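Have the viewer open as you read.

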Amino acid sequence: WPARLLAAPAAASREQRLTASFAGIAEGMARMLAGKLGEDQARIMAREAREAFTARLGDIPDIGPDNPNQESLDQAAFLAALRSPMARRRMPARDTGRLFYDMCWQEWSARPREEALAQGAAYFSPANLQELARWAKRTRRRLHPGDWVAEVMIRGQGQDLEIRKDYLECGALKLFRAFGVPEVAP
C-alpha cells in the first residue's frame, strides 16, 4: 500500500499521478486508524479524505517538475486532506501529523538499506551540493509564489563539510494556510 507503489505511470497527467498517490495515502489512513476507531469509521474517514483531496486538487501549486520541492508540496496537500476528516471529529492536529509521519516512516523503512544509503551519499555528492546552491539561488527569484525561498551556505568538504539551509519562506506553510489548516504546520 505505500503510495509510491500505487502511483500512476509517469505518462499520466499530474492530477492522475497525485490522485493515484493519494489513494494509497487514504488506504494507509484506513489501515492505521482501524484499530483505534474501528474499520467502518476508518474507511469513512479515508473516503472523506479522498473527497477533500479531490476538491482541492486544482489548488495545489505547480512549482515546476524540476523543482526538488514539488514532491514536498504535494505531500503537504496530502497532509491537509488527511486533516479534514480528523478535524471534523475534533481530533488534534498533532494526531494528523503523527498519522502522516507514521505512514511515511513505514514506507521509508520498507526501502532496502542499500537504497537509503545510496540516496544519502548522493545528497552529499559535489554535483548535488552545486545543484543545491543553484536551487537556493533560483528560489530567491520567487518565480512560483507557492514555492519555498531559501539561502544555502556550503563550506568545507568530507568530514568538515558544513551545509546550512535557511528557509525564508515555506511552501508547505503557504499551502496549509491557503487550505485553512495552518495547525498542521508543526
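## Salt bridges and a helix pair

R89 is partly exposed, at 26% relative accessibility (buried means under 20% relative accessible area, exposed over 50%, partly exposed in between, with a 1.4 Å probe and protein chains only). A word on the ground rules: this is a predicted model, where local features need pLDDT of at least 70 and side-chain atom pairs count only at pLDDT 80 or more, while totals for chains, interfaces and linings use all residues. Residues are numbered from 1 along each chain as its sequence is written, and side-chain values use heavy atoms, with hydrogens and water left out.

What does R89 pair with? Its side chain meets that of E48 in a salt bridge, 2.7 Å from N to O (a salt bridge is a side-chain nitrogen of Lys or Arg within 4 Å of a carboxyl oxygen of Asp or Glu). This pair links distant parts of the chain, with R89 in the loop between α4 and α5 (93-109) and E48 in helix α3, 41 residues apart. Helices here are DSSP runs (H or I, at least four residues), numbered from the N terminus.

E48 also forms a salt bridge with R88. Because R88 lies in helix α4 (residues 70-88) and E48 in helix α3 (residues 39-56), the pair ties together parts that are 40 residues apart in sequence. E48 is buried, at 14% relative accessible area, while R88 counts as exposed at 51%.

Elsewhere, E115 and R111 form a salt bridge; E115 is partly exposed at 36%, and R111 is buried at 16%. Salt bridges that share partners also join E27, R31 and R43 into one network. Across the whole structure, the search finds 17 salt bridges, including these three:

| Pair | Closest N and O atoms |
|---|---|
| R88 and E48 | 2.8 Å |
| E115 and R111 | 2.9 Å |

Now for the helix packing. Two packed helices are described by the angle between their axes and the distance between the axes. For α4 and helix α8 (residues 171-178), the angle is about 35° and the axes are 9 Å apart. Axes are lines fitted to C-alpha atoms over the stretch in contact, and angles run from 0 to 180 degrees between N-to-C directions. The crossing of α4 and α8 is right-handed, that is, the near helix is turned clockwise from the far one by less than a right angle.

Which residues make the contact (heavy atoms within 4.5 Å)? On α4 they are L73, A76, A77, L79 and A80, and on α8 they are G171, A172, L175 and F176. The contact residues divide into eight nonpolar, one polar and no charged, with Gly counted as polar and Ala, Leu and Phe among the nonpolar types.

Conventions: Helices (H or I, at least four residues) and strands (E, at least two) are DSSP runs, numbered from the N terminus. Contact means heavy atoms within 4.5 Å.
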